[in-house]
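Please read the following account with the sequence and the coordinates open beside it.

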Amino acid sequence: MIKGLILGILGTAAIAFFLVGSGYLDKKEVPQSKSVKIETGTPNTLQAVKKRGVLQCGINTGLAGFAYTNDKGNWAGFDVAYCRALAAAVLGDPNKVKYVNLTGKNRFPALASGEIDILSRNTTWTFSRDVKLGFTFIGVSYYDGQGFIGRKKLGVKSAKQLDGASVCIQTGTTTELNLADFFRVNKIKYEPVPIETNEEARKAYLSERCDVYTTDASGLAATKSTFSDAENHMVFPEIISKEPLGPLVRQGDDAWADIARWTLNTLINAEEYGVTQANVESLSQGTKNPEINRMLGSEGTLGQMLGLEKNWAVNAIKAEGNYAEIFEKYLGQKTPLGLSRGLNALWKDGGVLYAPPMR
Amino acid sequence: MIIPGKEEKNSIFALRYFWFERRGRGLLFQLLVLFGVASFFGFVTANTIANLEKAGLTAGFSFLNNQAFFDINQRLISFSSQSSFGRALVVGLLNTLLVSSLGIATATLLGFLAGICRLSHNWLLSRAIGVYVEVTRNVPLLLQIIFWWATLTALPRFKDSITFFEVFHLNNRGLRCPAPIFESSFLWICLLIISGILLTILLKNWQRRLKARSGRSFPVSLTGFLFIIILPTLLFFALDRPISWELPQVTRFNFQGGFNISPELLALWIALSTYTGAFISEIVRSGILSVSPGQVEAARSLGLSRNQTMRLIIMPQAFRVIIPPLTSQYLNLTKNSSLAIAIGYQDLVSIGGTILNQSGHALEIVAIWMVVYLSISIGTSLFMNWYNKKISLVER
């Protein structure tokens, strides 16, 4: 009897203690001293990467042109090339990358938890991802927009005629949200069929589970390039959204974000200055153009400012070439995707690619 | 002075009690463990919150009121992209409950049939069931779900649908059925059926007492049939058939009208039922075999027919063995339904994952998943335990 009473009182006390612990839920300010720094929250990503000797880069589970395994069994593609350039800039070797394949759904938890150092997986830069999810987008590597692909025999000329159609989408993407907006604004009904990866969506579309498949236009071109009967399919003219795709890092480590941002800018500036994979080594000995000299390290201390080697940019460009070389190699007219530069041409060529000066 | 025959006891209020008394020591260690566990959870919670704050993320469930902005195809209640995250979770929960209850019903039916048939003296029948049980039990459920989904999506396109009775259409978009439209007078028929059921239950109780008192019996089943089936049917025609059917119509992309059972739901339902059904059939077989042959012989010598022996002698005893493992199978089936994510059936896990991705509130969503599955499981367990108690042998 007494024992039960005492147990009860102490049990209540223990539960109360637990509740006090969880009471932090309501508190706005938490004393910093109470928190224990977990490895995942490491503020100095650069140091962590150097110490590890390998860059952990999050990429797609498989999307032709952007992230795929080549005939040697290695990962390659537009998004992968950026990982390699960054690894070369930071560690001096483009092969020191550990690729982590992520779906649209698990990419953000992977970045937030510190499983990867950078996410380079055709991810759209949006307000809420930048502000609310606690990430920093370091730039735009590909200006894209959402489109639809369907069979020619449907006889549909425009996405607005899709009333009642089944639409395959990848879950956890901005396309899922754009799609809902598009059909709501145009007051037409549809059946969304949510799918986890691009590969599964491709299968579902080919088995005619869906009438149309929607994703970024570049992704549609990539997916279409893998169809055996590509001529029976068409991409509809509508582009229903802006999809600026780019790499992103965790918020709170500005030094690391700077390194990632200026590696991308270097690739774009290299195209502008005519620095290529072939000539970067000789140009790094010094040229008449001070912009090139600063970028490649024969003048000034840009590398030092980032906490990197003097020849960081040389390494980054040597990895896969400048932006134009990477684009043409994986996405351009000579590839199965056959994408034209369009918006992704340099500003002086009529596109919107414009990297700030290296100064 | 020590009184003989009475040991000196340390008072519970003395500190010595917690060390020198056996019970006291036990109590002390239990409290220490309890304290340790509680402070561990307290620490984990506080630390998580603190680290979230540092990363600029906030914890809490207020985000559930935010607008979802995505659409859900499979839904039992109305939902649009302007509804809230919270409502989306409810849609997911209902989808989980839908496929679980459908699965439990068919798995039980299938399991009992298969379990009984496996014991049949018909060589072909028992071996066929044996093959079914071994194949479905030994192939991973995920593969079976994907197999059924691939099969169903490989069906003809909607224009070449396989049509049953001219109103059901099976195609690679699912099974399209006519939807009933109830007129308001249908309510009277419902009321009549419900009162018929209540009346039958009362009659049954009365009949039991009558039989105990005088040995006379009363045809309860017949009167029940009259009240529950015949009278409502008569009223149905008297009210000029207050149900009409909305038939599916072919449009450009798909059927419109009626309601559609998606291939995702069908695949999941079939896979869960056949998989769990195989396990249940083995449980049923073990239950039946646990009844000693002497019972059957006794029943036969009393003149009970084969059917009566099964119904009155074997099954009631077998149930005592069957129910507890059956409960585990029901719980498994409910939890296995979360494999829905592989084929895009929008259950609680699938929709929760989407919300997690769009809102970034991972911890809260995972907490909701855990609480919901725990509640469903505990609810099922409580019900099955109650049922188990009800049918267990009354020992005298």
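In this predicted model, strand β5 of chain A, residues 118-124, is mostly covered, since seven of its seven residues are buried. A residue is counted as buried here if 20 or more other C-beta atoms lie within 10 Å of its own. Two pairings involve this strand. With strand β1 of chain A, residues 55-60, β5(A) pairs in the parallel sense over two bridges, and A:G58 stands opposite A:L119 of β5(A). With strand β13 of chain A, residues 243-250, β5(A) runs antiparallel, the two being joined by three bridges, and here A:T124 stands opposite A:L245 of β13(A). Strands of a sheet pair through backbone hydrogen bonds, in either the parallel or the antiparallel sense.

Four strands form an open sheet in the order β1-β2-β3-β8 of chain B, with antiparallel pairing. Its edge strands are β1 (162-164) and β8 (259-261) of chain B, each of which pairs on one side only. Neighbouring strands of this sheet are turned by 20° against each other on average, with direction ignored.

The helices come next. Two packed helices are described by the angle between their axes and the distance between those axes. In chain A, helix α3 (residues 78-91) and helix α9 (residues 254-273) pack at an angle of about 110°, with their axes 10 Å apart. α3(A) is therefore roughly perpendicular to α9(A), because angles of 65 to 115 degrees fall into that class. The crossing of α3(A) and α9(A) is right-handed. On the side of α3(A) the contact is made by A:Y82, A:A85, A:L86, A:A89 and A:V90, and on the side of α9(A) by A:I259, A:A260, A:T263, A:L264 and A:L267. By class, this contact of α3(A) with α9(A) has nine nonpolar residues, one polar residue and no charged residues.

A helix pair in chain B can be described in the same terms. The axes of helix α3 (residues 85-118) and helix α4 (residues 123-138) of chain B come within 8 Å and cross at roughly 130°. α3(B) contributes B:A114, B:C117 and B:R118 to the contact, while α4(B) contributes B:L125, B:S126, B:I129, B:G130, B:Y132 and B:V133. The residues of the contact of α3(B) with α4(B) divide into six nonpolar, two polar and one charged.

The last stop is a loop residue of chain A. A:T197 has its place in the loop between β10 (190-195) and α7 (198-206) of chain A. Is A:T197 buried, exposed or partly exposed? It counts as partly exposed, because A:T197 has 19 C-beta neighbours inside 10 Å, whereas a buried residue needs 20 or more. Leaving aside its neighbours within four places in sequence, A:T197 is in contact with A:T61, A:T103 and A:Q170. A:T197 and A:D349, by contrast, are 152 residues apart in sequence and 35 Å apart in space, C-alpha to C-alpha.

How values were computed
Residues are numbered from 1 along each chain as its sequence is written. Chains are lettered from A and ligands numbered from 1 in the order in which they are written. This is a predicted model: local features need pLDDT of at least 70, side-chain atom pairs count only at pLDDT 80 or more; totals for chains, interfaces and linings use all residues. Two strands pair if DSSP finds at least two bridges between them. Axes are lines fitted to C-alpha atoms, for helices over the stretch in contact, and angles run from 0 to 180 degrees between N-to-C directions. Angles under 35 degrees count as roughly parallel, over 145 as roughly antiparallel, 65 to 115 as roughly perpendicular and the rest as oblique. A crossing is left-handed if the near helix is turned anticlockwise from the far one by less than a right angle, and right-handed if clockwise. Two residues are in contact if their C-beta atoms, placed from the backbone, lie within 7 Å. Ala, Val, Leu, Ile, Met, Phe, Trp, Tyr, Cys and Pro count as nonpolar, Asp, Glu, Lys and Arg as charged, and the others, Gly among them, as polar. A residue is buried if 20 or more other C-beta atoms lie within 10 Å of its own, exposed if 12 or fewer, and partly exposed in between; C-beta atoms are placed from the backbone.
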